Amino acid sequence: MSRDLPLTAWQKKQAALLYYFSSLKYLEGLRDRVNQIKSFAEEKINQSRLEGRDRFLHSNQWGDRDTTENWSNNAWQFLADFQQSVAEDISDHSSNSFHVTGTHQCARGLSEYSMQWATIEEEKQFDAMFAELSNYARNIDTTMQKSNQVSWWSDFGLTMAWAKNSSELQMIPKFRVVPEIISDTGQIPPRTGVYIAVDDPNASLQFAWNGSRGGEIIPSSTFNDLGLAALAAVGRSKLWVDQTAMRDFVWANLSNPDLASDEYANSTLDLALAPSVIARYAFMARPTRWCFVEIVEGEFEHIEEIESSTLSSNMTTQRFFAGEKCQNAGYYFTPARLDSRRWFAHGETFPDTQSSYGKSIWQWDTQQD
């Protein structure tokens, strides 16, 4: 690469999320949650035994299915196995070896066994604890999942993850893109960590590792034509989070074949559903080259400063529709087409990229050569 690849404010947030979800601290948080729910189950099992609940639960039809002893002899083992698997994941972490968690296997195993031996409130509390644990573990699984042919983290998913976890990330590390550390899609990366697509500014960042099998870089999740149109129409700051703007975009594009076939994409579309309706059809997989995003040790940025800087930058950002003339010579790009960055002279007309979603919008590239 001839010059450094700068990170946008949103890419810094993505990097912060991925390093957070892959951190030892976050994995230890999962361990603590598994330990808590296992201790809770053991406490209620002991309470059930002391109260003799099983004497009411034997059935001629179902035998001992609903009893405390059946659950403790069978279902409890899934929690014990889950606890052991998290301990092994923590041990492997120092060797740059990462895994999806055992949450799904544990949930399936537990679902096979009755909790009729517990009170209604005890079962509700157990279910709530496991639901919170599952949501927490999903961030690890989405980061580490490499079995599909596209990254599980889409721009939409990362936006939702930031909304839920931003309180933990008000102060984030400074990042530096290392141009010398490059990897192609399908390769084991030279270093463990977060990578950014070199030739696609809209591709979600991803985490990859080189300490065990399965850590290779996989195709990016990036915008297709519908996603690019949504980005251009709504803007980066409102994408996915401004429900009214997202619903307006759906209504303006009901001729799109995917939206036209969606049962929710109509004149009665609920505001809260609009972002997810678009997200279902807004992405595609794309192989690309990837560059390492390194944490600058000991240096941090406050997220408010990053967002303030971005807001100030956006106030001076120039955006032009196709057909308009360039007022300030420099490099521009359009989100409606990949690899569109090019030089425009003063007075030159911005071209149309022949998008099916109206005129293209050309944006000033803040990184000028």
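Me: How do β2 and β3 pair, and over how many bridges?
Reply: In this predicted model, strand β2 (residues 193-197) runs antiparallel to β3, with 3 bridges between them.

Me: Which residue in β3 is the bridge partner of Y195?
Reply: Q206.

Me: And what is the strand order of the sheet?
Reply: The order is β1-β6-β2-β3, an open sheet of 4 strands with antiparallel pairing. β1 (171-184) and β3 (206-208) are the edge strands, each pairing on one side only. Ignoring direction, neighbouring strands are turned by 45° against each other on average.

Me: Switching to the largest nonpolar core. How many residues, and which have the most contacts inside it?
Reply: That core has 64 residues, and L30, W71, F126 and V293 have the most contacts inside it. Helix α1 (residues 9-21) gives the most to this core, 9 residues.

Me: What does L30 touch?
Reply: Leaving out residues up to four places away in sequence, L30 touches F82, V86, T101, L133, Y136, A137 and I140.

Me: What does the second core include?
Reply: F156, W240, A245 and A265 are among the 23 residues of that separate core.

Me: Now α4. Which residues are buried there?
Reply: In α4 (residues 103-111), T103, C106, G109 and L110 are buried. Seen down the helix axis, the buried residues of α4 fall within an arc of 130°, so they line one face.

Me: What covers the buried residues of α4?
Reply: The cover includes α3 (68-93) and α5 (120-144).

Me: And on the other side of α4, which residues are exposed?
Reply: H104, R108 and S111 are exposed there.

Note on methods: Residues are numbered from 1 along each chain as its sequence is written. This is a predicted model: local features need pLDDT of at least 70, side-chain atom pairs count only at pLDDT 80 or more; totals for chains, interfaces and linings use all residues. Side-chain values use heavy atoms; hydrogens and water are left out. Two strands pair if DSSP finds at least two bridges between them. Helices (H or I, at least four residues) and strands (E, at least two) are DSSP runs, numbered from the N terminus. Axes are lines fitted to C-alpha atoms, for helices over the stretch in contact, and angles run from 0 to 180 degrees between N-to-C directions. A nonpolar core is a set of buried Ala, Val, Leu, Ile, Met, Phe, Trp, Tyr and Cys residues joined through side-chain atoms within 4.5 Å. Buried means under 20% relative accessible area, exposed over 50%, partly exposed in between (1.4 Å probe, protein chains only). Contact means heavy atoms within 4.5 Å. The arc is that of the directions from the helix axis to the C-beta atoms.
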